[in-house]
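Welcome! Please take a look at the structure below, and then we will walk through a few of its features together.

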Amino acid sequence: MKLIEWIAIGAVAVAAWGYLSKREEEKRSDNKTVDLDIDQDEPQSTRIKTEVVASTPLFTAEVVTHTSEEYERARQLFKDATAASVNDSDQAVELFREACEYAERTDTDFGIEVYLRLPRYLQEGGRSDESWLEFNHLLTSGYPNMPAGDRGFYDMQAAVFDKMRLFFQREKQFSAAVCFGARSMIMSIRAALTPRPPRSSIHTEDDLTSDNDLIRESARKELNRQKKWENEEREWSLQRVKNLRDPEFLSDKLMKLLRRAKKKERHEATLTVLQEWAVQVPEADDMAFMARFAQALGGVSMDHLLRSEHIPHDIVVE
């Protein structure tokens with residue numbers, strides 16, 4: 001490729017960047033007060049149309065400019081469901097399910113916290129069995145357009161276990177809530193120990209030896225950035241795991257759960273199991289440790305298992 005062609009590509013890229021910056025500024029100005037819900041920031045919208053802003057025989061720069069109707073409809077229905085849940089849980093459930101139908105037709109990740117509203121709506125409407133099934137579905141299947149990879153799946157499960165804790169608290173089954181609170185903490189450690197998927201790159205190691213100076217220099221800079229990101233991610237993950245395994249942190253979190261269950265006297269016994277469990281992740285057998293933790297806590301039985309291998313199916317207060 002001739003130098004003049006590379007210069008042309010660079011000019012187009014600069015033009016596209018300028019256009020994008022302007023559009024982003026306009027978007028921020030127009031949407032300053034727009035949120036998905038009272039407790040959920042607006043997710044990145046799905047785009048379906050493009051606009052050509054610059055072109056050469058070698059390169060065409062296109063900028064997405066319109067949001068999909070499915071995304072906007074899903075977003076509004078999620079908001080309507082939240083509003084309806086104040087007085088009519090059944091209507092909230094209907095609106096939420098309709099929102100999910102539209103959301104599945106987009107490529108937008110609305111976030112696990114949004115999808116965890118459905119079990120709450122069901123429980124508040126007196127449909128606890130259906131609520132429990134929704135939790136199970138999320139644990140085994142995830143939600144539409146969730147992040148790829150094991151890291152995202154474990155983060156999702158940690159959030160679900162924590163909401164299951166709240167489920168049992170609302171059912172006044174506080175000992176069961178403690179068990180799921182502990183499981184959520186462990187799943188957070190498992191997530192932090194799991195590497196994120198590598199960033200995509202337009203370059204390979206072979207580009208470092210390219211005859212083209214521009215390609216070689218671009219590859220060198222990009223691959224260096226990639227290595228820097230990987231190192232920073234590794235350091236962040238190690239520090240997070242250290243914090244999550246910290247004995248004082250585990251002790252404080254566990255004591256808060258035990259106070260609600262009025263079982264502070266079980267702190268030492270349960271903390272011993274929890275600390276051992278935390279240290280053995282990711283090799284730990286979560287089911288076995290969950291049983292040991294429940295035994296140390298007392299007042300709960302594990303007679304049945306979920307359809308998946310992940311958690312106890314039926315934890316009841318004796």
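## A positive patch

Lys253, Lys256, Arg259 and Lys264 form a positive surface patch. Residues in such a patch have over 30% relative accessible area and no salt bridge, and like charges are joined within 9 Å. A salt bridge here is a side-chain nitrogen of Lys or Arg within 4 Å of a carboxyl oxygen of Asp or Glu. Arg259 sits in helix α10, which covers residues 247-261.

This is a predicted model, with residues numbered from 1 along each chain as its sequence is written. Local features need pLDDT of at least 70, side-chain atom pairs count only at pLDDT 80 or more, totals for chains, interfaces and linings use all residues, and side-chain values use heavy atoms, leaving out hydrogens and water.

## A covered helix

Now turn to helix α5, residues 117-124, where 6 of the 8 residues are buried (under 20% relative accessible area, 1.4 Å probe, protein chains only). These buried residues are Arg117, Leu118, Pro119, Tyr121, Leu122 and Gln123. Their cover includes α2 (69-84), α3 (89-103), α4 (112-115), α6 (128-141) and α7 (150-170).

After α5 comes Gly126, which has a positive phi, near 80 degrees.

## The whole chain

The chain has 12 helices and 4 strands, taken as DSSP runs (H or I of at least four residues for helices, E of at least two for strands). Of its 318 residues, 42% are buried.

Contacts (heavy atoms within 4.5 Å) also tell us something about the chain: among those between residues at least 6 apart in sequence, 61% join residues at least 24 apart.

Notes: Patches are made of residues with over 30% relative accessible area and no salt bridge: like charges are joined within 9 Å, nonpolar side chains (Val, Leu, Ile, Met, Phe, Trp, Tyr) within 5 Å. Accessible areas come from the Shrake-Rupley method with a 1.4 Å probe; for residues, only the protein chains shown count as cover. Lys and Arg count as positive and Asp and Glu as negative; His and the chain ends are not counted. The place of a charge is taken as NZ of Lys, CZ of Arg, CG of Asp or CD of Glu. Buried means under 20% relative accessible area, exposed over 50%, partly exposed in between (1.4 Å probe, protein chains only).
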